[in-house]
Amino acid sequence: MNNYCPSDTRDIVEFKFLFSYSFNENNQKDLNREGEPPRYLRNKFRQEVEIDLSNNAQVWVGSRNNRWLVTDGQQNFPIRKENNQLNVYKRPTIENCALEYSCFLEIDPPSNIKDIDFPRYIQPPDPSLITQLRDRQTQQLQQFVSRGIQLYCVDATVDWRLVVGLGSEHVQETSMTLHHIYGIPYIPGSAVKGVLRHWWLQVLKEDKNFLQQNPGFIKSKDEIDESIALKDPIFLSIFGSQEQRGEVRFLDAYSTEAVHFAIDIMNPHYPDYYSGSKPPTDHQSPRPINFLTVEKTNFRFAFLAEDQKLLCKIKDRFEDALDMKGVGAKTAVGYGYFRDFKDKTDTITDKLKQEQEAAEKQQKAKQLASLSPIERLAEEVKSLADSQVDEERATEIYNNELPSLESDDKQIIAQALKTYWQRINKWEGGSDKQRQKVMKVKSILGER
């Protein structure tokens, strides 16, 4: 097996042994005899042998002697490439990375379950899926904002590499947290909350005012009394306790752009020592372990709360937590740190405002369409703003439209002009021309 490596295809259904020999006259006479051929020819004249290995069979190409190795995990069939026919059938590609990574990993070679060829078998998620998920999450955040919930949203890029869930159960002994539905790498909201909470406690350890007010907070160099931190109303409101629920919702962080996978390696030099069977001696052979990571990928972090002050406190410390502490496994060797923080809160809320304004305009247009011409003109006057352009429009309606109207219609427009001028503080006082217009409107309305 050491001289073989995986081919470009993984699965086969069948292969055939094809034999060809040159025969002399004696061989031909033996074949023409009645009954079975002699024993020395019996096996040679199986011109075609077909073997069905099922869909789990794999093809391995020999690095020497131009051979194939076909295996179904139980039987190995080394065959010469030039003398045999191999019919290969690929199984459908599994688009869900979580399903591929958890259930359908291919082993290199079949006898060694720890050597998994990640680059060939684990493909990044479809970027269109990530775009759809990002847009869906944006719509959900907008729904929360439309109901009065406050939002803080920030995008950040992995500084080097990231792996979350490295110690979870997996056939290869190293794992990664992948969404079970979408199949993409993500950072659970619980992990985001845990990182920020731990960083917050570290900040409190260096806060002189807090330490003066709470002298028992630091028990020793590496130990603190978290029950004292829970006396801080801000800390308690954000993270909660066993008795009180936190007021901030920490959402899962999803990638907003294409995901980039990278393979890294752990190389324990004393495997027998770590397994607990032998002391750490130099005669032990290192056992490299591959594991999957994410690199150069952008993630979106989102927080929801009813109190904007709590989100402002998070905003002050969250970026420092990811920049200086990191999230996930192996942060001590540079994993899990983020950079290029971009606040996306206004982008999401502004888009919501634009959509709401467009919906209001559409609704208003429908309402105006159902009104009579006089009612539409009155609504136009009432909606005028305190600007030079709108004041000129009101004067135009006063000069051109109002004199030609009938009595009832004239009163409707006069009342609308009165409402507008009162709103912009032009009903009382003003220039002589404005006072004259107000007096005429009052006379139409029967006022003094």
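1. Is Tyr152 buried or exposed? In this predicted model, Tyr152 has a relative accessible area of 3%. The cut-off for buried is under 20%, so Tyr152 is buried. Phe303 also counts as buried, with a relative accessibility of 1%.

2. Aromatic pairs come next. The structure holds 15 of them. One is formed by Tyr152 and Phe303, whose ring centres are 5.6 Å apart and whose planes meet at 15°. Planes under 30 degrees apart count as stacked, and the pair is therefore a stacked one. Tyr152 belongs to strand β7 (residues 150-158) and Phe303 to strand β14 (residues 298-305), so the pair ties together parts that lie 151 residues apart in sequence.

3. A further pair is made by Tyr186 and Tyr254. Their ring centres are 5.8 Å apart and their planes are at 25°, so this pair is stacked. Tyr186 and Tyr254 are both buried.

4. Ring pairs also join residues into a cluster. Its members are Tyr152, Trp200, Phe235, Phe239, Phe250, Phe299, Phe301, Phe303, Phe318 and Phe338.

5. Which residues of helix α13 are buried? In this helix, which spans residues 373-382, they are Ile374, Leu377, Ala378 and Val381. These residues lie on the same side of α13, because the arc they cover around the axis is only 100°. An α-helix has 3.6 residues a turn, so residues three or four places apart point the same way. The packing partners of the buried α13 residues are α14 (388-401) and α15 (407-423).

6. The last point concerns a loop. Pro288 is located between α10 (271-274) and β13 (289-295). Its relative accessible area is 43%, so Pro288 is partly exposed. Leaving aside neighbours within four places in sequence, Pro288 is in contact with Ile265, Met266 and Asn267. For Asn267, the C-alpha to C-alpha distance to Pro288 is 4.3 Å, although the two residues are 21 residues apart in sequence.

Notes:
Residues numbered from 1 in each chain as written. Predicted model: local features only at pLDDT ≥ 70, side-chain atom pairs only at ≥ 80, totals over all residues. Heavy atoms only, no water. Buried < 20%, exposed > 50% of the residue type's maximum accessible area, 1.4 Å probe, protein only. Helix = DSSP H or I, 4+ residues; strand = E, 2+ residues; numbered from the N terminus. Arc of directions from axis to C-beta. Contact = heavy atoms within 4.5 Å. Phe/Tyr/Trp six-rings, centres within 6.5 Å; stacked < 30°, edge-to-face > 60°.
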